[in-house]
Amino acid sequence: MPAQRGWRDRIALARLIWPALLTAPGAADAHASERAVMLTLPTGWYLAGAAVAVALTALLALLSGRLPAFAARPLFERRALLPRAVTSWAGAAILWALVAVGVFGTRDPLENLLPLAVWTALWVGFTLASIILGNLWRDVEPWTGPVRTLRRLTGWRGSVGLSRLGHLPAVAGLLAFAWFEIVSLAPSDPLVLARAVAVYYLLILALAVAEGEDWLARGEFLTVYFAMIARIAPFWAEYAGTRVTVMAGWPGAQLLRMGALPPSAIAFVTLLLASVSFDGLHETFWWLARLGLNPLEFPGRSAVVGANSAGLVAFWGLTAALILGAVRAGLPRGARFGALAGPMMLSFLPIAAGYHVAHYLVALLTDGQYALAALNDPFGTGAALLGLPEHWVSFGFLNTRGGVLAIWTAQFAVITAAHVLAVLIGFRLAPAAGAGRGLRAHLPMTLLMVAYTVFGLWLLSAPTGA
């Protein structure tokens, strides 16, 4: 207990001195500055307001019985510009060009294009684009074209039974990706990342050649991830042979047209929620204090590999237990748990997408500038392919109250909107899945949604030491 009080005293002291440190001369760390300014904002009122908004949405939906129609309509139809195999080969060429940059370019992760392309352009920027414009990954993923070519050249038309595993290979891939990003010692080291990307690409290529290209939609985690996240987009494309129909509709309209998720896909969604949340949690003062570390003197990732590995898996288990427990608590008498869990898990995809965008928003605004600079001079030869001048990257907006307030307001809006959408979709899915319409059926899930809203915003505003 004395040790815990000591940590609380240090954290309280940090909260008092950080605003003063902002006015002191000298170099400032962008991440620390953002959180330091955020500590001066009335974040508690934001958390309360978001919780009330989500709860009122559920209450109004329950009492009025009125829900959005989630309608969709075609905007226009056209012929596909290029065959999917061609765009996939282009994606493969870009991937191997980035691997070459990782191997032969600078070892500085803020100047090498590979880590910026993976962690900022793909994992953050491409996710945001897919949430708005639908499944863009379908046309650029780097496996379909090479798989078709290799199966044609080898004459292999069979499979090896991987499809029987469902989404479990994608779950394993996502878990490995999350561990590499959150726990491993040097996820942004260009050479380390280049080796990881090359090994993963070749592994998936071999498995897809053995099983067939259709396996990618269930077994490759990025393909599964972008396909799921894109289901909440207000714009998307539907394909029929060489024709493409561009659709528009209420965000989440595609989710209501999906089938129930099988158990392996449920595991994927719960891991997706848990991994992004733990990515935010593992850097907070609260988590570091649980590990017995001084948050203001973080010793480095090597000191917490074991604890963070265990924490990631444990947080996945806790997330799954809470979500499935809420589904079970609202289950009507005589109804089957599996019949309700599969459809209801779809309502958590907006939450996964919303927190992903909010959590990585600052990284997009900061590292995104470095990505453009690296694209301007990918091999550090002094080239200016985009015509950009040197030393144009700026983080000044993170050191002003107005700039940080704008970021926090955007994060607040995204988190709240995602949870409101999740509640509305949940109310639409529940009757079709056999759930009741009364308070008992919806109360457990609503309480979980409210708690998840508060937790997500707390993660974004909590001081971090890593």
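My entries on a helix, a helix pair and a sheet follow.

**Ground rules.** I am working with a predicted model, where local features need pLDDT of at least 70, side-chain atom pairs count only at pLDDT 80 or more, and totals for chains, interfaces and linings use all residues. I number residues from 1 along each chain as its sequence is written, and side-chain values use heavy atoms, without hydrogens and water.

**Helix H8.** I found that H8 covers residues 168–182 (helices are DSSP runs of H or I with at least four residues, strands are E runs of at least two, both numbered from the N terminus). I looked up its buried residues (under 20% relative accessible area, 1.4 Å probe, protein chains only), and among them are Leu174, Phe177 and Ile182. The buried residues of H8 pack against several helices, including H5 (113–133) and H14 (305–329).

**H4 and H5.** Helix H4 (residues 84–104) packs on H5 at about 130 degrees, with the axes 7 Å apart (axes are lines fitted to C-alpha atoms over the stretch in contact, and angles run from 0 to 180 degrees between N-to-C directions). Contact means heavy atoms within 4.5 Å, and here Leu98, Val99, Val101 and Gly102 of H4 meet Leu113, Leu114 and Ala117 of H5.

**The sheet.** I saw three strands in the order E1-E3-E2, an open sheet with antiparallel pairing (strands pair if DSSP finds at least two bridges between them). E1 (72–79) and E2 (235–240) are the edge strands. E2 pairs with E3 (residues 243–249) over 6 bridges, and tryptophan 236 has methionine 247 in E3 as its bridge partner.

Methods: The expected span of a helix is 1.5 Å times one less than its number of residues. Buried means under 20% relative accessible area, exposed over 50%, partly exposed in between (1.4 Å probe, protein chains only).
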